[in-house]
Amino acid sequence: MTQLAKVNASVVVEQLRGWNAQAVSQVVEYRGETTIVVPKELLRATAQQCRDNPALNFNLLSDATCVDRFPVEPRFELNYHLLSIPRRERVRLRTSVSIQHPVIDSLVPLWPAANWLEREIFDLFGIRFEGHPDLRRILLPDDFEGAPLRRDFPVEGKR
Amino acid sequence: MTTVETAVGTTKSMVLNMGPQHPSTHGVLRVLLELDGENVLTAVPDLGYLHTGIEKSCEDKTYSQAITLTDRMDYLNPLGNNLVYCLAVEKLLGLEVPKRAQYIRVMLVELQRISSHLVWLGTHALDMGAMSLMLYCFREREEILKIFERFAGQRMMTSYIRIGGLALEPPAGWREQVKRFLDMMPPRIDEYEALLTENRIWQGRLKGVGYLSAEDLVALGTTGPGLRAAGVAYDNRKAFPYSSYEEFEFNVPTRTESDCYARYLVRVAEMRESVKIVRQAMQKISEEGPVKTEAPGIVPPEREKMKTEMEALIYHFKIFTEGFSPPPGEAFVTVESPRGELGCFIASDGSPKPLRVHFRSPSFINLQALPKMVQGQLIADTVACIGTIDIVLGEVDR
């Protein structure tokens with residue numbers, strides 16, 4: 001099982017490197033999961049390659065979420081979990097954005113599924129997505145101040 | 001709050017607020033409908049009325065404390081939520097769970113799947129005007145909740161699945177109780193089908209309503225019965241088996257029509273498959289054996305040991321004060337909840353509290369398909385579509 005996962009992981013990395021040598025800046029293997037660290041500028045192009053390359057065929061965007069590594073800079077780590085239904089495989093694309101410029105390309109043009117996932121990240125972490133058609137708060141009220149899932153936001157809330 | 005301006009208005013159209021207090025929205029979902037007569041031009045869902053910040057709260061709890069929060073997300077599938085969270089923590093820790101505990105987990109989440117589908121069927125039939133069915137469905141669900149009560153002491157917020165295994169040894173006499181339920185269930189499903197499947201009103205309300213192509217559904221991230229009703233046989237239990245699902249024999253029911261009626265048929269067929277899985281699980285569960293793994297410092301020691309062994313007492317104290325610290329890293333685990341792919345992403349920084357816990361809740365993502373599904377349809381069909389997407393607002397808003 002783990003061996004199979006390893007072989008598949010190298011296929012993804014190989015295909016992406018063959019497409020653009022800059023696309024993969026790091027590969028992390030942990031507990032049988034593959035994480036491909038992608039430069040921020042190449043995120044959308046790499047994701048498109050993952051979706052459209054017939055050898056990869058990651059047709060479903062399963063999840064997108066953010067991890068705040070405060071006080072490390074760049075502190076926001078965005079994780080996109082892609083799933084290939086025909087090939088029964090998953091991969092995680094990761095990229096980082098800083099607090100000074102918390103902006104990243106939206107994946108909505110590739111997967112409409114990214115719409116609410118990115119709105120949720122915008123809502124809870126305050127990261128803006130360029131090219132998102134409808135970037136509004138989704139879970140919190142519009143007049144809420146701050147981004148509550150940032151690590152420097154107190155758990156008990158601000159009073 | 002989403003306002004009227006969100007919908008594009010023309011002089012002929014009117015904007016109608018459906019929810020958040022509307023019985024057919026199954027909780028506190030608000031949908032802004034822009035209507036031309038009785039036809040829906042646009043539908044804009046507005047979420048967040050049940051947002052409780054569960055993911056933020058998890059950051060201030062130890063890994064074992066957060067289990068009780070997971071129950072409260074998808075309140076029709078608490079055991080499934082416990083399971084995905086515990087699987088994620090176990091993956092971070094590299095823990096193996098004893099086979100007996102794995103089989104009991106499978107049995108319980110499959111019973112949970114039946115109970116969740118029963119609530120869905122009952123409430124959806126109620127929305128469509130078939131009122132008596134709800135009473136039958138809730139009658140059978142009650143039997144499942146009684147089983148859970150015997151196992152966990154709780155009917156709904158069970159927290160029975162714990163990191164490294166289960167909270168307790170199964171109660172005495174559980175086999176008879178589960179067997180009684182399994183013998184009762186298939187004929188009852190036949191009864192529901194006798195009332196609905198060939199019913200002309202039921203077919204008239206559901207057939208051809210809420211169609212979306214498989215490509216659209218995949219692009220929108222829909223999983224679960226909604227996707228399987230479009231002919232895509234994607235099921236986490238088969239594609240990425242967890243908790244020993246690879247040892248079970250069952251089918252993944254699919255349809256190709258991708259309308260509300262197909263989703264109904266898929267869910268009913270899934271209930272029958274779940275009965276099969278529970279039967280197999282009962283055979284696999286041995287009479288004796290551990291329900292927790294041996295992992296000092298992570299899994300609480302037996303009560304008896306604490307009275308005689310110094311180490312056990314120290315471990316117990318440490319687990320419930322400081323907690324345990326998984327090594328730094330991330331884990332993303334998915335299971336097949338009654339609604340689709342339920343995922344849990346945990347990032348650990350090596351401290352006793354998780355750095356980040358995120359749930360990929362199927363209700364939240366499946367609901368994204370609603371605007372496209374209802375566009376151009378009648379307002380009454382919107383009710384059918386919301387129903388067959390099968391949302392639980394606790395999970396949508398978290």
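How many C-beta neighbours does A:R31 have inside 10 Å, and does A:R31 count as buried, partly exposed or exposed? A:R31 has 15 such neighbours, so this residue counts as partly exposed (buried means 20 or more other C-beta atoms within 10 Å of a residue's own, exposed 12 or fewer, and partly exposed in between, with C-beta atoms placed from the backbone).

## Basis of the model

This is a predicted model, in which local features need pLDDT of at least 70 and side-chain atom pairs count only at pLDDT 80 or more, while totals for chains, interfaces and linings use all residues. Residues are numbered from 1 along each chain as its sequence is written, and chains are lettered from A and ligands numbered from 1 in the order in which they are written.

## Backbone features of chain A

A:R31 is not a glycine, yet has a positive phi of about 50°. This residue sits in the loop between strand 1 (26-30) and strand 2 (33-37) of chain A. (Helices, H or I of at least four residues, and strands, E of at least two, are DSSP runs numbered from the N terminus.) A:N57, also not a glycine, has a positive phi of about 55° and belongs to the loop between helix 2 (43-52) and strand 3 of chain A. With 15 C-beta neighbours inside 10 Å, A:N57 counts as partly exposed.

The loop between strand 3 (60-68) and strand 4 (76-84) of chain A contains A:P71 and A:P74. A:F70 and A:P71 are joined by a cis peptide bond with omega of about 5°; the bond from A:E73 to A:P74 is likewise cis, with omega near -5°.

## Overall form of chain B

Chain B comprises 17 helices and 8 strands. Its radius of gyration is 22 Å, close to the 21 Å that the globule rule gives for 398 residues, so chain B is as compact as a globular protein of that length (the radius is taken over C-alpha atoms, and the rule is 2.2 Å times the number of residues to the power 0.38). Along the principal axes, the C-alpha atoms of chain B fill a box of roughly 80 × 45 × 35 Å. Of the 398 residues of chain B, 51% count as buried.

## A sheet in chain B

An open sheet of 3 strands in chain B has the order 1-2-3 with antiparallel pairing (two strands pair if DSSP finds at least two bridges between them). Strand 1 (14-18) and strand 3 (39-46) of chain B stand at the edges, each with a single partner strand, so one side of each lacks a neighbour in the sheet.

Strand 2 (residues 30-36) of chain B pairs with strand 3 of chain B in the antiparallel sense over 7 bridges. B:V31 stands opposite B:P45, which lies in strand 3 of chain B.
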